[in-house]
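Subject: Structure handover

Dear colleague,

Please find the structure below, with the sequence. My notes on what was found follow it.

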Amino acid sequence: MLGFELDFWDYATFITAALAGGAGLLIYIWIAGLPGRIAIARKHPEAEAVNLLGWAGLLPTIYPWVQALIWAFKPTDIVDIRRFPKEEARAIEEEIGRLSDDPRKPRERAKAKAAGSATSARDSSAPPSPDKDGTKD
């Protein structure tokens, strides 16, 4: 090479540098994904946005990442006029399952969804039941 031989300590230095670089990369990946994992665990309605801000925010500066971390812990009050609260909770559960690679099979999710829609259809189409004294409201 340049007039000298590489010995054991040179190779040990190269291996140590490679391991330190790999460990640094793994730590960076773990820290960047932390706000998203926290949001998914807390069933945050905007978990995907928190996850993306966590990944994108750590690269240029740390400020957006800190915002994502705060957002992941922020309690949320869901006010959505498009769905009733039970439907909104079910939609959030499905989204969290998709984000966290829920191990439940798609067939079980479809069955649970069908059972929920059948129950709500029955409840809305059922006639009012008579009271104990036999009169209807």
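Leu-25 is exposed, with a relative accessible area of 51%; exposed means over 50%, buried under 20% and partly exposed in between, with a 1.4 Å probe and protein chains only. Leu-25 sits in helix H1. Helices here are DSSP runs of H or I with at least four residues, strands are runs of E with at least two, and both are numbered from the N terminus.

Before the rest, some notes on the source. This is a predicted model, in which local features need pLDDT of at least 70 and side-chain atom pairs count only at pLDDT 80 or more, while totals for chains, interfaces and linings use all residues. Residues are numbered from 1 along each chain as its sequence is written, and side-chain values use heavy atoms, with hydrogens and water left out.

Confidence

The protein chain has an average pLDDT of 78, and 70% of the residues score at least 70; pLDDT is the predictor's confidence in each residue, from 0 to 100. Of the chain's elements, H1 has the highest mean pLDDT (94) and helix H5, residues 106–125, the lowest (56).

Nonpolar patch

Leu-25 belongs to a nonpolar surface patch of about 620 Å², together with Leu-26, Tyr-28, Ile-29, Trp-55 and Leu-59. Helix H1 contributes the most to this patch, with four residues. Patches are made of residues with over 30% relative accessible area and no salt bridge; like charges are joined within 9 Å, and nonpolar side chains (Val, Leu, Ile, Met, Phe, Trp, Tyr) within 5 Å. The accessible areas come from the Shrake-Rupley method with a 1.4 Å probe, and for residues only the protein chains shown count as cover.

Salt bridges

There are three salt bridges in the structure, each defined as a side-chain nitrogen of Lys or Arg within 4 Å of a carboxyl oxygen of Asp or Glu.

One joins Glu-93 to Lys-43, at 3.7 Å from N to O. Glu-93 is in helix H4 (residues 85–99) and Lys-43 in the loop between helix H1 (8–41) and helix H2 (47–58), so this pair ties together parts that are 50 residues apart in sequence. Both ends are partly exposed: Glu-93 has a relative accessible area of 40% and Lys-43 has 42%.

Another is formed by Glu-48 and Arg-98, with 2.9 Å from N to O. This pair also links distant parts of the chain, as Glu-48 lies in helix H2 and Arg-98 in helix H4, 50 residues apart. Glu-48 is partly exposed at 36%, and Arg-98 is partly exposed at 44%.

Arg-98 also meets Glu-95 in a salt bridge, at 2.6 Å from N to O. Glu-95 and Arg-98 are three residues apart in helix H4, so about one helical turn separates them. Shared partners join Glu-48, Glu-95 and Arg-98 into one network of salt bridges. Glu-95 is partly exposed, with a relative accessible area of 28%.

Aromatic pairs

The structure holds two aromatic pairs. Rings of Phe, Tyr and Trp (its six-membered ring) pair if their centres lie within 6.5 Å; planes under 30 degrees apart count as stacked, over 60 as edge-to-face and the rest as tilted.

Phe-8 and Trp-9 pair edge-to-face, 4.9 Å centre to centre with 70° between the planes, and both residues are exposed. Tyr-11 and Phe-14 also pair edge-to-face, at 6.5 Å and 80°. Tyr-11 and Phe-14 are three residues apart in helix H1, and so are separated by about one helical turn. Tyr-11 is partly exposed at 46%, whereas Phe-14 is exposed at 52%.

Regards
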